[in-house]
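Q: Hi, could you walk me through this one? I'd like to go bit by bit, with the cut-offs spelled out.

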Amino acid sequence: MITVRQVYEAMQAIAPLELAESWDNPGLLVDCGGAVHRVLTALDITPEVVEEAAAKQCEMIVSHHPVIFDPLKRLGPQDVPFQLVQAGISAVCMHTNLDAAEGGVNEVLAGIFGMKDMETFAEGCGRVGAIEEITVPELARKAQQELAVRCNAPAVGPAVQVKFADAGRPVKRLAVISGAGGSLFADALAMGADCLLTGEANHHHAIDAKRLGLSLIAAGHYATEFPVTAAVAEKLRAALPELDVLVSTENRDPYTYL
């Protein structure tokens, strides 16, 4: 019999908690106890993901984004932690520690682009290294194509929307940081990167990065992080072979793109 604690300990070995940022809230956030036979991996724990886990008879969800982040001041049926407890489903959430971990979010993202001689930046969360020379528009198109096949398709519209700011030189050294990493463009530049590929970057990040000679590609928060769910599932299967581990098919980008 595999317990909630055993799955949690396996995830701590995959993404050690000491790698997490001080402001973060990773860990075993909902503990319903009991045996665990089947686990669902996801990026976000949404009501749709809870329903999916219940329908597939999963006793636990392992996600990247914490299902509890800000202090809870009240709890009701509209709240996902309430829904988890009601369904008897535990939740382990590995956030910035999984960003920084070996084989975690950013190493999976770097691997999609064939990164070699990988180094860390942004306090260990990001990855930077050599890739085969490519123009910024070509890299943006590649990001859209490669990430789309690793994400759950929406009901309508494209799976991934990409925008880019081209500083005018080819990319030989790429920096990647998943999610909302646009503000870290200066860190990427300090590492000698030609381009930073992230999930979200605002208007001013794009202006400043381009002015300083760094191209910037924003490929979406969901799209740059969801691919890790398959890697987490694979690692959990290796750590606990008796465990049935599924990847969510209902966890989708909350945005619809035109």
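Q: Where is Glu123 found?
A: Glu123 is found in the loop between strand 5 and strand 6. Helices (H or I, at least four residues) and strands (E, at least two) are DSSP runs, numbered from the N terminus. This is a predicted model, in which local features need pLDDT of at least 70, side-chain atom pairs count only at pLDDT 80 or more, and totals for chains, interfaces and linings use all residues. Residues are numbered from 1 along each chain as its sequence is written, and side-chain values use heavy atoms, with hydrogens and water left out.

Q: What about the phi of Glu123?
A: Phi of Glu123 is near 60 degrees, a positive value in a residue other than glycine.

Q: And is Glu123 buried or exposed?
A: Glu123 is exposed, at a relative accessible area of 72%. Buried means under 20% relative accessible area, exposed over 50%, and partly exposed in between (1.4 Å probe, protein chains only).

Q: Ala122 next. What is the phi there?
A: Ala122 has a positive phi of about 55 degrees although it is not a glycine. Ala122 is found in the loop between strand 5 and strand 6, and at 14% relative accessibility Ala122 counts as buried.

Q: What is the strand order in the open sheet of six strands?
A: The order is 5-6-8-9-10-7, and the pairing is mixed. Two strands pair if DSSP finds at least two bridges between them. Strand 5 (116-121) and strand 7 (163-165) are the edge strands, each pairing on one side only. On average, neighbouring strands of this sheet are turned by 25 degrees against each other, direction ignored. Axes are lines fitted to C-alpha atoms, for helices over the stretch in contact, and angles run from 0 to 180 degrees between N-to-C directions.

Q: In which sense do strand 8 and strand 9 pair?
A: Strand 8 (residues 171-177) and strand 9 (residues 195-198) pair in the parallel sense, over four bridges. Ile177 stands opposite Thr198 in strand 9.

Q: Which strands does helix 5 touch?
A: Helix 5 (residues 105-112) packs on the sheet and touches strand 5, strand 6 (126-134), strand 8 and strand 9. The direction of helix 5 makes about 150 degrees with that of strand 8. Contact means heavy atoms within 4.5 Å.

Q: And helix 6, which strands does it lie across?
A: Helix 6 (residues 136-148) lies across strand 6, strand 7, strand 8, strand 9 and strand 10 (215-218). Helix 6 runs at about 115 degrees to strand 6.

Q: Switching topic: what order do the five strands of the open sheet take?
A: They go 1-4-3-2-11, with mixed pairing. The edge strands, each pairing on one side only, are strand 1 (27-30) and strand 11 (244-247). Inside the sheet, strand 3 (residues 60-63) and strand 4 (residues 90-93) pair in the parallel sense over four bridges, and Ile61 stands opposite Ala91 in strand 4.

Q: Which residues are buried in helix 1?
A: In helix 1 (residues 4-14), the buried ones are Val4, Val7, Tyr8, Ala10, Met11 and Ile14. They cover an arc of only 160 degrees around the axis, which puts them on the same side of helix 1. The arc is that of the directions from the helix axis to the C-beta atoms.

Q: What do the buried residues of helix 1 pack against?
A: They pack against strand 1, strand 2 (38-42), strand 3, strand 4 and helix 10 (228-239).

Q: How many cavities of 30 Å³ or more turn up?
A: A search of the whole structure finds two. On a 1 Å grid over the protein atoms alone, a cavity is a set of points where a 1.4 Å probe fits but cannot get out, and lining residues have an atom within 4 Å of a point. Grid points are joined across faces, edges and corners, and a volume is the space filled by probe spheres set on the points.

Q: What volume does the largest cavity have, and what lines it?
A: The volume of the largest cavity is about 50 Å³. Its lining includes Met11, Thr41, His64, Met94 and Val232. Helix 10 gives the largest share of that lining, three residues.

Q: Last one: is Asn97 buried or exposed?
A: Asn97 counts as buried, at 0% relative accessibility. Asn97 is found in helix 4 (residues 96-100). Leaving aside neighbours within four places in sequence, Asn97 is in contact with residues including Ala15, Leu19 and Pro26.

Key: 1 Å grid on protein atoms, 1.4 Å probe; cavity = no way out; pocket = protein on both sides within 12 Å on 5 of 7 lines; lining within 4 Å.
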